[in-house]
Amino acid sequence: MSEARNYYENDTTLAQYLEFHFGEIWHGEPNFSKELAQLCFEAMDGRDAGKALDLGCACGRATFELATRFDRVDGVDFSESFVRAAADMARQRRIRYARPEEGELVSYQERTLSSLGLEGAAGKVGFHQGDACDLPPRFTGYDLVLAANLIDRLYQPSQFLTTIHERINDNGLLVIASPYTWLEEYTPREAWIGGFRKDSEDYTTLEGLKDMLAPHFRLLVDPHSVPFVIRETRNKFQHSFSEVTVWEKL
């Protein structure tokens, strides 16, 4: 496993993501996963809400949120430690973790599904370790696929983008959220979807998405940015924005 992949199996990173998913609100920004789920509900606009797929689910908050409306939601992530934590939350209805504070100092946290209003979702979710670029055939028949902060962490995003339509029902939705932070330690430069010069012009990731998804999808609503904050320590935070695009399968 590469150094970039190892990052997501680190205990400190796991604690940071558990806080990101289930912890406190920081710097006035709403919970990112909950916001994305709400955007998905609005975009569904009366469509069937039978089955959803949360790809790159990390610790599973959006999976649980989607399950408040969908009959069944699968959460898939490459990180074994993230998937294990999400499954523990579903099984035990609570999670405990040591939140980094300063140096070697931590504070011990406990979060519950009931405190988040998600107790009823626990029986409608399933968590699986998997590769978004090479999913098993059983992951199909979805009315909605959410790919949150995923595409710029894939080794071959074009493989995902040009085949995901096979897993979505007619008129179903693909919701992509990404800060477009392309880095070669995750994605080889030649595999980037955008963020470079092409034919002497700037070629953005949004343009790349439109070109790659055009054969099977149409852009349903105008793209917009959603903020998110990842707390690293008591005094250090990542404050970022993720551009959300909603695509309807043709």
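Trainee: What share of the 250 residues of the chain counts as buried?

Mentor: In this predicted model, 54% of the 250 residues count as buried. The cut-off for that word is under 20% relative accessible area.

Trainee: Why is Asp45 called exposed?

Mentor: Exposed means over 50% relative accessible area. Asp45 has 65% relative accessibility, so Asp45 counts as exposed. Asp45 sits in the loop between α3 (32-44) and β1 (51-55). Its phi is near 45 degrees, a positive value in a residue other than glycine.

Trainee: Where is Tyr180, and what is its phi?

Mentor: Tyr180 lies in the loop between β7 (168-178) and β8 (196-198). The phi of Tyr180 is near 55 degrees, again positive in a residue other than glycine.

Trainee: How do you know that the radius of gyration agrees with a compact globule?

Mentor: A compact globule of 250 residues would have a radius of gyration near 18 Å, and the chain has 18 Å, so the two agree. Along the principal axes, the C-alpha trace spans about 50 × 40 × 35 Å.

Trainee: Which residues are closest to the centre of the second largest pocket?

Mentor: That pocket holds about 190 Å³ of space. Of its 14 lining residues, Leu14, Leu18, Ala85, Ile95 and Arg96 are the closest to the centre. At least two lining residues come from each of α2 (11-22), α5 (80-92) and β3 (94-102).

Trainee: What makes up the lining by class?

Mentor: The lining of the second largest pocket has seven nonpolar, five charged and two polar residues. Leu, Ala and Ile count as nonpolar and Arg as charged.

Technical notes:
Residues are numbered from 1 along each chain as its sequence is written. This is a predicted model: local features need pLDDT of at least 70, side-chain atom pairs count only at pLDDT 80 or more; totals for chains, interfaces and linings use all residues. Side-chain values use heavy atoms; hydrogens and water are left out. On a 1 Å grid over the protein atoms alone, a cavity is a set of points where a 1.4 Å probe fits but cannot get out, and a pocket is an open set with protein on both sides within 12 Å along at least five of seven lines; lining residues have an atom within 4 Å of a point. Grid points are joined across faces, edges and corners, and a volume is the space filled by probe spheres set on the points. Helices (H or I, at least four residues) and strands (E, at least two) are DSSP runs, numbered from the N terminus. Buried means under 20% relative accessible area, exposed over 50%, partly exposed in between (1.4 Å probe, protein chains only). The radius of gyration is taken over C-alpha atoms; the globule rule is 2.2 Å times the number of residues to the power 0.38.
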